[in-house]
Amino acid sequence: MMDDRLVSMISRARNLGALRSGMSRAIHALGYHGFDLFSVQSDRIASFRDQSNLFICDYKLEWVAPYFRDAGILSDPCLIEIGRRVAPFDYVAYLYECAANASVDWQKAALALRGVGHAWSVPLNQPGRIQGATIYMKGSEAPQEDAFFSTIGDLQFLAATCLERAHDLRRPPVVTPPASVQDALSARETECLHWLSEGKTNWEIATILQISENTVRFHVKNIFRKLGISSRGAAAALAARK
């Protein structure tokens, strides 16, 4: 059974380090020994270090350096499967059903080296993003197997909570514009105005808010019309006005 205090550590973590620690403690309490959690923009998988992508783990990053360095992510059938699924699946069992390639072979060797006998892949996808978590358990004896299949509901909840908090922590605080401006704009237009005042381009705003660039253009046009202005500089000045 999950400890509510550990769930609270995750949902209230003040930085990614505290979030990683809270998630690690929570899965250890359920009998697991490691995790990684990721959110990748579908069209930027090759550029995994892109600032719009996210990767958190509780093990040494150098352990998985070859996976990224040798483009193992691009030929990883497990990642493709996570992108297709809604329900969690047995990552180790699925991996051993896959046709051999450099990525599959590397993953098998890495699991064997660390004594991983079971692991859950937990899809948490959103439109335009492949998201999920992989949570590892050492050993393959009957007690571990019983714990493995009895804890998936808790792991789904923990992974979803952790990913949501990770996105919250990476999202810069939105400066609230003056009441007169705020009252004139919709919630989404207010968000666009904030990022416009920070000097972001339409493409950058679209990436941050995970909407299309055309939608950003539509919101910017409405901002100009509602505020009676005709330039991004004027919009920034209004947003900054006290």
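Which helix gives the most residues to the lining of the second largest pocket?

## Basis of the model

The model is predicted, so that local features need pLDDT of at least 70 and side-chain atom pairs count only at pLDDT 80 or more, while totals for chains, interfaces and linings use all residues. Residues are numbered from 1 along each chain as its sequence is written, and side-chain values use heavy atoms, with hydrogens and water left out.

## Second largest pocket

H6 gives the most to this lining, with four residues; helices (H or I, at least four residues) and strands (E, at least two) are DSSP runs numbered from the N terminus. The second largest pocket holds about 580 Å³ of space. A pocket is an open set of points on a 1 Å grid over the protein atoms alone, with protein on both sides within 12 Å along at least five of seven lines, whereas a cavity is a set where a 1.4 Å probe fits but cannot get out; lining residues have an atom within 4 Å of a point. Grid points are joined across faces, edges and corners, and a volume is the space filled by probe spheres set on the points.

Of the 28 lining residues, Asp36, Tyr59, Val64, Tyr91 and Tyr136 are the closest to the centre of the second largest pocket. Its lining divides into 18 nonpolar, five polar and five charged residues, where Ala, Val, Leu, Ile, Met, Phe, Trp, Tyr, Cys and Pro count as nonpolar, Asp, Glu, Lys and Arg as charged, and the others, Gly among them, as polar.

## Largest pocket

The largest pocket has a volume of about 720 Å³, and of the 27 residues that line it, His167, Arg170, Thr207, Ile208 and Gln210 are the closest to its centre. Helix H8 (152-170) is among the elements that each supply at least two lining residues, and the largest share, six residues, comes from H8. The lining comprises nine nonpolar, seven polar and eleven charged residues.

## Packing of H2 on H8

Helix H2 (residues 16-29) packs against H8 at an angle of about 175°, with their axes 10 Å apart; axes are lines fitted to C-alpha atoms, for helices over the stretch in contact, and angles run from 0 to 180 degrees between N-to-C directions. H2 is therefore roughly antiparallel to H8, a term for angles over 145 degrees. The contact (heavy atoms within 4.5 Å) includes Leu19 and Met23 in H2 and Leu155 and Arg165 in H8, and its residues divide into eleven nonpolar, no polar and one charged.

Note on methods:
Angles under 35 degrees count as roughly parallel, over 145 as roughly antiparallel, 65 to 115 as roughly perpendicular and the rest as oblique.
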